[in-house]
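Trainee: I would like to learn how to read a model of this kind, feature by feature. Where do we begin?

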Amino acid sequence: MGKHGVGKGRVSGRPDAMLYGQRPSISTGNLDAIESLSGVNRSGMPLAANRAPAKDLEPWVGRLVASKVEADATSHIACGICNDIAFARIIVGGRWDAQTLDGHGEFQDEALLFGPQSRHMPVGCKGPVIAIGVGFRPGAIPNLLSREMAPLIDRIEAADPFGLIANDIASDYPRGATPEQWLCTLEERMRDFIARTGPKPPDPLAAAFEYASFADPNIAPGDFAEEQGVSLRKLERMARRDFGMTPKTVLRRARALDLAAQLCGVADQEEEDELLARYFDQSHLIRDFRAFFGTTPAAFRSEPRLFLRINVETRQARRLAELKRIEPGGKPPWQGG
């Protein structure tokens with residue numbers, strides 16, 4: 001174990017490109033032992049507890065999320081994630097593995113820094129699933145850590161640059177605590193970090209472009225730049241720095257993530273026709289979706305997607321809140337109970 005009880009993640013080898021399209025699965029000695037303690041959707045599938053941060057953290061933090069799924073010690077969930085923002089996560093209890101740009105990584109009881117994904121990243125966990133995270137707005141990481149985003153894309157670093165673990169994981173994030181208690185601890189640690197370092201808020205152009213990706217990801221980058229009164233070149237420089245990729249890729253990924261949420265049952269059903277209309281035709285839809293998830297929409301829908309459902313549900317909750325389609329603290333339309 002490293003400082004403050006943080007484990008040392010291991011990454012080895014180069015990734016096999018075929019793994020990015022692997023079939024997700026849930027293999028367990030006792031399926032009945034998988035129980036979500038952080039919410040379910042209307043079909044009873046596990047979700048995460050997620051919410052907006054406190055007002056003073058909003059310039060840098062986009063979402064706080066905590067997943068707590070009790071599972072048999074022999075259970076193994078193989079799935080994946082596709083984040084559009086960077087996350088600092090604390091993982092507790094289970095043994096995690098991921099296929100990153102640097103190769104196969106294994107992690108347990110430690111703090112991790114996830115860059116955004118340019119496509120589906122295979123992730124698995126053996127045993128109970130406890131993951132507690134801070135999602136950062138585009139442009140936050142460059143200002144908080146003086147780092148550009150491009151080198152973090154599709155990577156996981158075993159690191160705790162924000163001091164989220166002050167003592168050790170067991171005492172800071174006890175397994176018996178509620179998800180909300182964990183989220184409050186994350187807020188306190190981020191508040192301390194910001195008070196110590198005094199970072200600038202992200203570039204307003206990054207916030208405006210993220211909003212556009214939520215509201216109308218079919219907008220042409222040139223049209224967005226014109227609306228904002230900036231050159232296309234300036235938009236491209238900002239996107240490379242704050243999103244880690246080109247404006248066009250940011251928008252394509254946004255379309256694919258919205259469609260993935262729809263297929264996972266964690267989107268506003270009233271938007272279904274609008275989401276499909278973003279594509280010229282069926283072949284365009286399938287081609288774009290396959291580029292990000294390595295499979296067709298039909299095959300995607302037919303498989304269990306525990307981690308990815310949590311992933312895209314958190315983004316959809318943030319998206320609807322940013323677009324003011326749900327009230328602050330309100331329940332998204334897909335949640336059960």
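Trainee: How many helices and strands are there in the protein chain?

Mentor: Helices (H or I, at least four residues) and strands (E, at least two) are DSSP runs, numbered from the N terminus. In this case the protein chain has 11 helices and 11 strands. This is a predicted model, so local features need pLDDT of at least 70 and side-chain atom pairs count only at pLDDT 80 or more, while totals for chains, interfaces and linings use all residues. Residues are numbered from 1 along each chain as its sequence is written, and side-chain values use heavy atoms, with hydrogens and water left out.

Trainee: What percentage of the residues in the protein chain is buried?

Mentor: Buried means under 20% relative accessible area, exposed over 50%, and partly exposed in between (1.4 Å probe, protein chains only). Of the 337 residues in the protein chain, 53% are buried. As for contacts (heavy atoms within 4.5 Å), take those between residues at least 6 apart in sequence: 77% of them join residues at least 24 apart.

Trainee: What is the volume of the largest pocket?

Mentor: Rolling a probe the size of a water molecule over the atoms shows where empty space is left. The search runs on a 1 Å grid over the protein atoms alone: a cavity is a set of points where a 1.4 Å probe fits but cannot get out, a pocket is an open set with protein on both sides within 12 Å along at least five of seven lines, and lining residues have an atom within 4 Å of a point. Grid points are joined across faces, edges and corners, and a volume is the space filled by probe spheres set on the points. Here the largest pocket has a volume of about 650 Å³. It is lined by 25 residues, and Ala52, Arg63, Ala321, Pro328 and Gly329 are the closest to its centre.

Trainee: Which element gives the most to the lining of the largest pocket?

Mentor: That is α11, with four residues. At least two residues of this lining come from each of β4 (49–51), β5 (61–70) and α11 (306–322). For classes, Ala, Val, Leu, Ile, Met, Phe, Trp, Tyr, Cys and Pro count as nonpolar, Asp, Glu, Lys and Arg as charged, and the others, Gly among them, as polar. The lining of the largest pocket has 10 nonpolar, five polar and 10 charged residues.

Trainee: How many cavities of 30 Å³ or more does the structure hold?

Mentor: There are four. The largest cavity holds about 370 Å³ of space. Ile81, Arg89, Ala131, Phe307 and Ile310 are the closest to its centre among its 29 lining residues. With seven residues, α11 gives the most to this lining. By class, the lining of the largest cavity comprises 19 nonpolar, four polar and six charged residues.

Trainee: And which residues lie nearest the centre of the second largest cavity?

Mentor: They are Ile85, Ala86, Pro138, Met149 and Asp242, out of 14 lining residues. The second largest cavity has about 70 Å³ of space. Its lining takes the most from α1, three residues, and divides into 10 nonpolar, one polar and three charged.

Trainee: How many disulfides does a search of the whole structure find?

Mentor: A disulfide is a covalent bond between the sulfur atoms of two cysteines. The criterion is a pair of cysteine sulfur atoms within 2.5 Å. The search finds zero disulfides. For Cys264, the nearest cysteine sulfur is that of Cys79, 7.9 Å away. Cys264 counts as buried because its relative accessibility is 7%.

Trainee: Is Arg137 buried or exposed?

Mentor: Arg137 is buried, because its relative accessibility is 17%. Its place is the loop between β10 (121–136) and α1 (140–145). A polar atom of the Arg137 side chain lies 2.6 Å from the backbone oxygen of Glu58. Leaving aside residues up to four places away in sequence, Arg137 touches Glu58, Pro59, Trp60, Val61, Gly62, Glu210 and Glu322.

Trainee: Where is Lys324?

Mentor: Lys324 is in the segment after α11. Its phi is positive, about 60 degrees, although Lys324 is not a glycine. Lys324 counts as exposed because its relative accessibility is 71%. Leu323 is also placed in the segment after α11, but Leu323 is buried, at 13%.

Conventions. A polar contact is a pair of N or O atoms within 3.5 Å; within protein, one must be able to donate a hydrogen and the other to accept it, and residues adjacent in sequence count only if both atoms are side-chain atoms.
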